[in-house]
Amino acid sequence: MTMDTAVHVDSSGEDIGHWIDGRRMVAADDRSQPVYNPATGESAYAVSLGSVETVDQAVQAARRALPTWADTPPAKRAQVMFRYRELFYANLETIAELISREHGKTLADATGEAMRGIEVVEFVCGIPQVLKGEFNEQVANGVDCFGIRQPVGVCVGITPFNFPAMVPMWMFPMALACGNTFILKPSERVPSCSIFLAELLQEAGLPDGMMNVVNGDKEAVDALLTHEMVDAVSFVGSTPVGHYIYSKGTEAGKRVQALCGAKNHMIVLPDADIDQAVNAAMGAAYGSAGERCMAISVAVAVGDETANSFVEALAPKIRALKIGPYTDPAAEMGPVITKDAVERIEGYVDEGVKQGAELVVDGRGISLQGYENGFFTGGTLLDRVTPDMSVYRDEIFGPVLSVVRTGNFEDAVNLINTHAYGNGSAVFTRDGDAARTFVRRVQTGMVGVNVPIPVPVAYHSFGGWKQSLFGDHHIHGPEGVRFYTKLKTVTGRWPSGIRDGAQFNFERGSDV
Ligand code: NAD
């Protein structure tokens, strides 16, 4: 990667455009919108919003590239991933800068996100091993049976704003390593990182057309969902949009996985180490300004004594949070993504207070000197929240933690199990029995035991239950390989095993 082809780190007045068939382009028929730096509230450049024609161009490129790539031996595909890994590390600072500038998270957090993304690349460096099929010799006399996994075809990824590198990297390295070609439609709020990641793939030796990035909004998404040459769609984003994408995509005959919104609870049991639980809650609720699908947004304290000590220890830490732009290395929490997001988050806090929640720390209405136009809101803590309140029911996606008090462990688990979302959950305890019961009974796709954000490592799979995921497959790891491949089962016999005469009846076992 030569830095002069790098994306717009200091540019102004430009359009980010798309990455199609191995080159950057801005199409004449596209609309565009400004891209903001959430810390300053200013925009120095725009992003194209891909039209139906632009989407078609990308899909055609991916379809043309497919036969060659699907036929490329997995070990050769892995070689591209090995080189990609090296280039990624060499450009880590640029990647973190691109993430932070458009998302707002701290550089340390952006670097952490990028590192979680590269884990997936490291996993697929071993794709020949992962793609090994199953073989049964002599399933009947002279007959063998084996299963192979082949690429699905042209795959699409539609991704949210909150992880500009990691979430796309849950998808495209897996899809490409499995022999598919790919079109990424990133969030229009954080478009630069995806283009840069695609440019790096080209430098790593990925032939043109195999990885494409179409920036855009609903128009581009709809065009992808209905394009007859698209075979599979991975989505990560909010539940209403995910439900729409799952319905529309499956109706059009695509394979779809849609990972969606969340309301993650952590239970604090009376025997938990309160300091550990408080530190865990701080990072999990306020890190990345709460804009993580695995953020903890509800702490369920079992017993008033537990609740009192938890809230007492937590409140001063929230008040001391260092809020600032990503350019300030001391910042622990940055802005949220848009001005609308500030209003939505603070509106939820208003409503929570009206509905009877106790406002312990109020993060509304903060203003940072020199960054008065930035999209900042402070950390908020609400106590005595009840399940009927909107702050409890809805995903707020901001730095707001609600404390719900319950009398016992049973009620705490039932609370999680009756919530509409089922992404992640965690229990804080020293009691192994309670932890084991929690793990067995809780209705969420990812579970932490004294771990607040149990995001699985890349060689396991990530995904929620209930309204947090539509489809059959979780993402990356073994489930990712299943999603991005089709199973073919072959039953074969060679001439020496063929019996004389026609067989008209269905037979089983040794007589097949
Ligand atoms: P979003 O649903 O608004 O957008 C996600 C993607 O869908 C974007 O690419 C966007 O352009 C597109 N989109 C938006 N509206 C659309 C529409 N009406 N029709 C078609 N496409 C549309 O989500 P967001 O605000 O970017 O991200 C935050 C959400 O993502 C939160 O709900 C968060 O929980 C969720 N998320 C989930 C996971 C997970 O793994 N479950 C991970 C990260 C984020």
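A pocket, as used here, is an open set of grid points with protein on both sides within 12 Å along at least five of seven lines. With that in hand, here are some close-up views of this predicted model.

**View 1. The largest pocket and the residues around its centre.** This pocket has a volume of about 880 Å³. Its lining counts 35 residues, and F161, R189, G237, S238 and V241 are the ones nearest the centre. Two or more lining residues come from each of α8 (218-226), β10 (232-236), α9 (239-251) and α12 (339-354).

View 2. Domain 1 (19-29 + 43-260 + 468-489) and domain 2 (264-449) both contribute lining residues, so the largest pocket lies between them. Sorted by class, the lining of the largest pocket holds 17 nonpolar, 8 polar and 10 charged residues.

**View 3. The second largest pocket.** Here the space amounts to about 240 Å³. The lining is made of 14 residues, with V130, K132, E134, R149 and R482 closest to the centre.

**View 4. Elements and residue classes around the second largest pocket.** Look for β6 (143-151), α16 (477-483) and β22 (485-493), each of which supplies at least two residues of this lining. By class, the lining of the second largest pocket consists of 7 nonpolar, 3 polar and 4 charged residues.

Methods. Residues numbered from 1 in each chain as written. Predicted model: local features only at pLDDT ≥ 70, side-chain atom pairs only at ≥ 80, totals over all residues. Heavy atoms only, no water. 1 Å grid on protein atoms, 1.4 Å probe; cavity = no way out; pocket = protein on both sides within 12 Å on 5 of 7 lines; lining within 4 Å. Points joined across faces, edges and corners; volume = space filled by probe spheres on them. Helix = DSSP H or I, 4+ residues; strand = E, 2+ residues; numbered from the N terminus. Nonpolar A, V, L, I, M, F, W, Y, C, P; charged D, E, K, R; others polar. Domains from an automatic or database assignment.
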